[in-house]
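Walk me through this structure, one site at a time.

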Amino acid sequence: MAASPAPLTTWAGTHTFAAPRIAHATSVEQVQDAVRSREGRVRALGTRHSFHDLADTDGTLITVTGVDPAPVLDEVAGTVTVGGGIRYGDLALWLEERGWALHNMGSLPHISVAGATATSTHGSGNTLGTLSTAVRGLEFVDATGSLRTLGANDTDFAGYVVHLGAIGIVTRVTLAVEPSYLVRQDAYAGISWDTLLGDPEAVTGSGYSVSVFARWTHETVAVIRKNRVSEGSGDLPETWLGAGRLLAPIIDSDAWTEQGGVPGPWLHRMPHFKLESTPSVGDEIQTEYFVPRADGPDALRAVRELGSRIDPHLVVTELRTAAADDLWLSGAYGRDTLAIHFTWLPHPDAVAGLLPDIERALAPFDARPHWGKWHRFTAERLAAVHPRLSDSRELFARLDPDGVFANAHLERLGLRG
Ligand SMILES: Cc1cc2nc3c(=O)[nH]c(=O)nc-3n(C[C@H](O)[C@H](O)[C@H](O)COP(=O)(O)OP(=O)(O)OC[C@H]3O[C@@H](n4cnc5c(N)ncnc54)[C@H](O)[C@@H]3O)c2cc1C
């Protein structure tokens with residue numbers, strides 16, 4: 001197994017890993033060996049798309065992105081079982097060739113299945129769960145180096161899925177799949193904030209998956225509606241909620257998947273960004289908070305109060321939705337959710353200064369932070385908004401009493417002792 005020294009940074013360069021060692025496993029046996037022969041603690045590393053030290057360790061980072069993903073499709077069960085290091089985009093291509101699909105994708109297809117599901121990465125859709133809700137089984141190397149498999153019927157499975165790396169090194173993941181489908185993306189620019197706040201469901205419910213792009217001081221927002229073509233959404237109006245339909249992409253960039261109402265396979269429409277392109281900006285910071293969808297208008301009004309301080313440091317805000325789920329540490333646990341996202345310019349000091357104020361504004365709505373993005377939540381505040389946090393802490397402690405997979409980040413969040 002190849003071993004290389006750090007330094008290594010997160011994809012966006014927002015954190016330099018302190019780990020003195022990184023092990024690039026090419027087989028499950030190598031993962032087991034690396035855990036058994038560890039010097040100090042261990043953490044799994046995915047494709048490094050989180051924005052802070054969540055995956056970091058003072059011991060050894062192990063990545064399974066080099067293990068043959070060897071997908072296995074079970075058409076009867078409607079599942080695919082695949083190596084956890086595979087990128088969503090690569091799995092999507094493999095599935096599409098066989099006529100199958102995932103229910104949703106994140107904005108980018110570059111993230112690993114194991115890393116994305118570990119943090120409850122989501123796309124959008126009022127009726128669509130986060131990507132983690134598609135997980136039907138997990139295979140992982142535990143703190144003793146043993147290989148364990150779990151299925152959806154196993155006790156506490158809902159506590160294992162969004163694990164933040166605390167259960168061990170996930171080697172294979174089983175995901176629900178469905179027959180392939182076509183999607184069209186239509187963008188509308190010029191919907192007023194007042195219209196959005198007056199009836200957000202009319203916007204977020206206007207497609208299979210809907211994203212609102214906004215700046216807080218502007219009068220209007222833009223919307224991308226992703227509709228399954230088979231659902232009779234063939235003809236969309238040229239004007240909608242006072243806004244015109246755009247024939248050109250919302251942002252003039254080859255990095256974005258095709259818009260303009262052209263139907264295409266799900267994998268080329270559900271993510272915003274193409275697999276072969278650099279997603280988003282690159283030199284950026286991200287933050288995201290999850291509030292109950294019913295509180296959406298009030299929560300957005302509260303953040304708008306800070307708009308003139310936010311916008312100078314903002315690339316764009318994106319608003320998305322996710323259906324309630326039962327995964328203990330999911331951002332959408334127990335409540336239909338509105339996700340309020342910020343792509344920031346690389347202004348770390350200004351962003352760090354703004355986050356406490358944004359979090360104060362969202363506190364009345366019991367906002368939860370995205371685990372992979374910048375936030376300033378204390379352990380106490382997290383426990384107040386995540387009803388199953390103490391159950392998760394107990395589960396992780398039971399699985400890994402010596403804290404092999406613990407790190408400073410999980411300790412700060414109160415998820416490890
Ligand atoms: C440009 C950009 C766009 C994004 N868009 C979205 C979006 O649309 N929606 C959204 O919700 N988030 C989004 N994110 C955030 C991103 O999806 C999450 O941070 C995700 O967890 C990153 O996955 P990763 O494979 O890079 O994992 P990493 O960042 O490498 O790791 C994340 C966590 O997963 C654990 N982990 C990784 N691999 C394994 C494994 N094999 N076994 C056990 N644990 C493992 C790590 O220990 C760590 O705790 C975006 C990030 C970027 C940079």
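**Around the ligand**

A polar side-chain atom of serine 50 sits 2.8 Å from an oxygen atom of the ligand. Threonine 119 also comes in with its side chain, placing a polar atom 2.7 Å from a ligand oxygen. Glycine 115 uses its backbone: a polar atom there is 2.9 Å from an oxygen atom of the ligand. Polar contacts here are pairs of N or O atoms within 3.5 Å; within protein, one must be able to donate a hydrogen and the other to accept it, and residues adjacent in sequence count only if both atoms are side-chain atoms. Taken alone, the ligand exposes 960 Å², and the protein buries 99% of that. Accessible areas come from the Shrake-Rupley method with a 1.4 Å probe, and for residues only the protein chains shown count as cover.

The model is predicted: local features need pLDDT of at least 70, side-chain atom pairs count only at pLDDT 80 or more, and totals for chains, interfaces and linings use all residues. Residues are numbered from 1 along each chain as its sequence is written, and side-chain values use heavy atoms, with hydrogens and water left out.

How many residues surround the ligand? There are 38, and the closest are Ala44, His49, Ser112, Thr119 and Val170. By class, the shell has 15 nonpolar, 18 polar and five charged residues. Ala, Val, Leu, Ile, Met, Phe, Trp, Tyr, Cys and Pro count as nonpolar, Asp, Glu, Lys and Arg as charged, and the others, Gly among them, as polar. Strand S3 (42-45), helix H3 (113-118) and strand S10 (169-176) each supply at least two shell residues. H3 gives the largest share, four residues. Helices (H or I, at least four residues) and strands (E, at least two) are DSSP runs, numbered from the N terminus.

Threonine 10 lies in the loop between strand S1 (2-4) and strand S2 (21-24). Is this threonine 10 buried or exposed? At 1% relative accessibility, threonine 10 counts as buried. Buried means under 20% relative accessible area, exposed over 50%, and partly exposed in between (1.4 Å probe, protein chains only). Leaving aside neighbours within four places in sequence, threonine 10 is in contact with His15, Phe17, Arg48, Ser50, Phe51 and His52. Contact means heavy atoms within 4.5 Å.

Leucine 45 belongs to strand S3. It is buried, with a relative accessible area of 6%. Beyond four places in sequence, contacts of leucine 45 include Leu8, Phe17, Ile22 and Ala55. Leu61, Ile62, Thr63 and Val64 are also among them. Leucine 45 and arginine 245 are 200 residues apart in sequence and 41 Å apart in space, C-alpha to C-alpha.

Helix H1 spans residues 28-36, and Val28, Gln30, Val31, Gln32, Ala34 and Val35 are buried in it. The buried residues of H1 pack against S2, strand S4 (60-63), strand S8 (135-141), strand S9 (147-151) and S10.

**Aromatic pairs and a buried arginine**

The structure holds 11 aromatic pairs. In one, the rings of tryptophan 256 and phenylalanine 273 have centres 4.9 Å apart and planes at 65°, so the pair is edge-to-face. Rings of Phe, Tyr and Trp (its six-membered ring) pair if their centres lie within 6.5 Å; planes under 30 degrees apart count as stacked, over 60 as edge-to-face and the rest as tilted. Tryptophan 256 lies in the loop between strand S16 (243-246) and strand S17 (264-265), and phenylalanine 273 in the loop between S17 and strand S18 (285-292), so the pair ties together parts that are 17 residues apart in sequence. Tryptophan 256 is buried at 10% relative accessibility, and phenylalanine 273 is buried at 8%. Trp193, Trp216, Tyr289, Phe342, Trp344 and Phe377 form one aromatic cluster.

Arginine 269 also lies in the loop between S17 and S18. Its relative accessibility is 6%, which counts as buried. The side chain of arginine 269 reaches the backbone oxygen of valine 262 at 2.9 Å.

**Positive phi**

Most residues other than glycine have a negative phi. Alanine 70 has a positive phi of about 35°, and is partly exposed at 32%. Aspartate 366 has a positive phi of about 50°, and is partly exposed at 36%.

Technical notes. Near = heavy atom within 4 Å.
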